[in-house]
Every structure is written in C-alpha cells, then in structure tokens.
Amino acid sequence: MAEGNNIALKNSSAQEGDVQISPRVLEIIASIAAVQVKGVNSMRGSLATSVNELFGRKEFGKGIKLNFDDDKLIVDVYVYLNYGVAVPKVALNIQEQVKQQLLFMTELNLGEVNVHVEGIVPEKTDDKFDSNDLFDDNDSNNKGEQ
C-alpha cells in the first residue's frame, strides 16, 4: 500500500496509471475535518507550529498522527475541546467526520480513528479594564468600606 513515503491508491483501471498521495495530505484532510466538528476548539500542536502561527502562517495537519498496520490506515487525532460539550458525543462526531472525509477524498479504508482529548478550553471572559477609573466606587464587592 505504501511505496516510499507516499500511499498508492487502488484504482479500477491499471491503464490509467498510479495515484500516490503524500501522508501530509492525509494529515491535512483529517485535521480540517476534525476542526469543523462543533465543540472542537483546536488541534494539538508543537512549539514550532505555535511560533509559525504567531507569524501568521496557518499550520494545517497538526494534531494528526498516521500509522499503517496490515494495509489499514490508523489515524490518531489530538484535540482540545470547548468547555461544556459532551466529550463522547464530540469524539464520535470527530471519528465519523474524519472517516467520511478521508473515504470521500481518497477512497482509503480506515482501520481506526482514535480521538485523544488533550484538554478542555474554558470560555473567554470579557473582564474589561478601564484605565480611567482605577478606583471604582460603584463596585459591589467593596469589602471593608461602609
């Protein structure tokens, strides 16, 4: 199934030639499919991908690990979820989405799609700081003042 680093796709006619896909392409497809699931906040990345994103370079394919076992593709997906979502439901949706997109785009049979939840990201709170009013007397939590 894999020749060198590329994955040869099975086609119906040998006369048309071979089609090979880089594993990087499969990682990108799986990563985009996983991020599109409602409840997924982000994919796990490395320090290098975080630095690249700071400089405006969008990094696709992060949070995906591919393995081949007995001509079956095994995909490991590493995600951070939003706080308050049902983890098993989101994980099942990720599995279905990744399987569906890889089958639709490459016609590869997947052995497994394993979802690893790396963490939960809480909602951002909008505690705005007003530099003009440092000592707000209207604060309801003023303790000791009467």
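Analyst: Start with accessibility: a residue is buried under 20% relative accessible area, exposed over 50%, and partly exposed in between. The model shown is predicted. In it, Val 121 has a relative accessible area of 26%, so this residue is partly exposed.

User: Where is Val 121 placed, and which residues does Val 121 touch?

Analyst: Val 121 belongs to strand β7. Leaving out residues up to four places away in sequence, Val 121 touches Asn 41, Tyr 80, Leu 81, Asn 82 and Tyr 83. Its C-alpha is 9.0 Å from that of Ser 42, although 79 residues separate Val 121 and Ser 42 along the chain.

User: Which class does Val 85 fall into, buried, exposed or partly exposed?

Analyst: The relative accessible area of Val 85 is 28%, so Val 85 is partly exposed. Val 85 sits in the loop between β6 and α3. With residues up to four places away in sequence left out, Val 85 touches Gly 39 and Val 90. Val 85 and Gly 39 are 46 residues apart in sequence, and their C-alpha atoms are 6.1 Å apart.

User: How should I read the chain as a whole?

Analyst: The protein chain has 3 helices and 7 strands, in the order β-β-β-α-β-α-β-β-α-β from the N terminus. Of its 146 residues, 27% count as buried. Among contacts between residues at least 6 apart in sequence, 63% join residues at least 24 apart.

User: What should I look for in a nonpolar core?

Analyst: In soluble globular proteins, nonpolar side chains tend to be buried together. Here the largest nonpolar core has 25 residues, and those touching the most other members are Leu 26, Leu 73, Val 75, Val 77, Ile 94, Val 98 and Leu 102. The elements giving two or more residues to this core are β2, α1, β4, β5, β6, α3 and β7. As one case, Val 77 has contacts that include Ala 34, Met 43, Ile 94, Val 98 and Val 113.

User: What does α1 pack against?

Analyst: Helix α1 covers residues 23–35 and spans 18 Å from first to last C-alpha, close to the 18 Å expected. Its buried residues are Leu 26, Glu 27, Ile 29, Ala 30, Ser 31, Ala 33 and Ala 34. These pack against β2, β3, β4, β5, β6 and α3.

User: How many salt bridges does the structure hold?

Analyst: The test is a side-chain nitrogen of Lys or Arg within 4 Å of a carboxyl oxygen of Asp or Glu. The structure holds 1 salt bridge. Arg 24 and Glu 27 form a salt bridge through their side chains, at 3.5 Å from N to O. Because Arg 24 and Glu 27 are 3 residues apart in helix α1, about one helical turn separates them. Arg 24 has 36% relative accessibility, so Arg 24 counts as partly exposed, while Glu 27 is buried.

Key. Residues are numbered from 1 along each chain as its sequence is written. This is a predicted model: local features need pLDDT of at least 70, side-chain atom pairs count only at pLDDT 80 or more; totals for chains, interfaces and linings use all residues. Side-chain values use heavy atoms; hydrogens and water are left out. Helices (H or I, at least four residues) and strands (E, at least two) are DSSP runs, numbered from the N terminus. The expected span of a helix is 1.5 Å times one less than its number of residues. Buried means under 20% relative accessible area, exposed over 50%, partly exposed in between (1.4 Å probe, protein chains only). Contact means heavy atoms within 4.5 Å. A nonpolar core is a set of buried Ala, Val, Leu, Ile, Met, Phe, Trp, Tyr and Cys residues joined through side-chain atoms within 4.5 Å.
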